[in-house]
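Here is a friendly walk through one model, in questions and answers. Have the viewer open and follow along.

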Amino acid sequence: MAAKQVILTKEGLEALENELEYLKSVKRKEVAEKIKVALSFGDLSENSEYDEAKNDQAIMESRIAEITAMLKNSKLIDESEISDKHIHIGSKVDVRLTGVTGATSMKQYKIVGSNEACPAEGRISDESAVGKALLGHMTGETIEVEVPAGFVKYEILSISK
């Protein structure tokens, strides 16, 4: 089975590369030192420090493998080629949303790949209900999206890179 393609912005790619470098160069040494110290305590059958250090090592190595696979299967979004006429991955979108209760608010979203999504910071995934619905639309359009609370209307006020 082919691995899923990971769509990344330049910032997302740099963040993954930095995390990988940190895990390989700093964290591995820290965990190895924890294992070494735990081994010095003797009897491994009742050594919780050793068990914890080995567990930390497994989690770290799993993350290294995960990041390596994501980087191998990544596709970098060339933000210079993004049009500000239609919404694409990498677009910043200002919207006026009208909620289920009729209340309106203004939001700015950046459409990113699922790996970079952080709704609290305004970065929404192209695979989320809202992200998927916004893709391909233009300034001035209004779309209706079904979210867990009901239907919300999004009026697209502007699109930028």
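**Contacts and strands**

At 32% relative accessibility, R96 counts as partly exposed, where buried means under 20% relative accessible area, exposed over 50% and partly exposed in between (1.4 Å probe, protein chains only). This is a predicted model, in which local features need pLDDT of at least 70 and side-chain atom pairs count only at pLDDT 80 or more, while totals for chains, interfaces and linings use all residues. Residues are numbered from 1 along each chain as its sequence is written, and side-chain values use heavy atoms, with hydrogens and water left out.

Q: With which residue does R96 form a salt bridge?
A: A salt bridge here is a side-chain nitrogen of Lys or Arg within 4 Å of a carboxyl oxygen of Asp or Glu. R96 lies in strand β3 (residues 92-98), and its partner sits in strand β7, so the pair ties together parts that are 59 residues apart in sequence. Strands are DSSP runs (E, at least two residues), as are helices (H or I, at least four), numbered from the N terminus. The closest N and O atoms are 2.7 Å apart, and the partner is E155.

Q: Which residues are linked with R63 in a network of salt bridges?
A: R63 forms a salt bridge with E66 at 3.0 Å between the closest N and O atoms; being 3 residues apart in helix α2, the two are separated by about one helical turn. The side chains of R63 and E19 also meet in a salt bridge (2.9 Å, N to O). E19 lies in helix α1 (residues 10-39) and R63 in helix α2, so this pair ties together parts 44 residues apart in sequence. The network therefore links R63 with E19 and E66.

Q: Which strands stand at the edges of the sheet?
A: The open sheet is formed by 5 strands in the order β5-β4-β3-β7-β6, with mixed pairing; two strands pair if DSSP finds at least two bridges between them. Each edge strand has a single partner strand, so one side of each is left without a neighbour in the sheet: these are β5 (123-125) and β6 (142-147).

Q: Is K72 buried or exposed?
A: K72 lies in helix α2 (residues 48-72). Its relative accessible area is 71%, so K72 is exposed.
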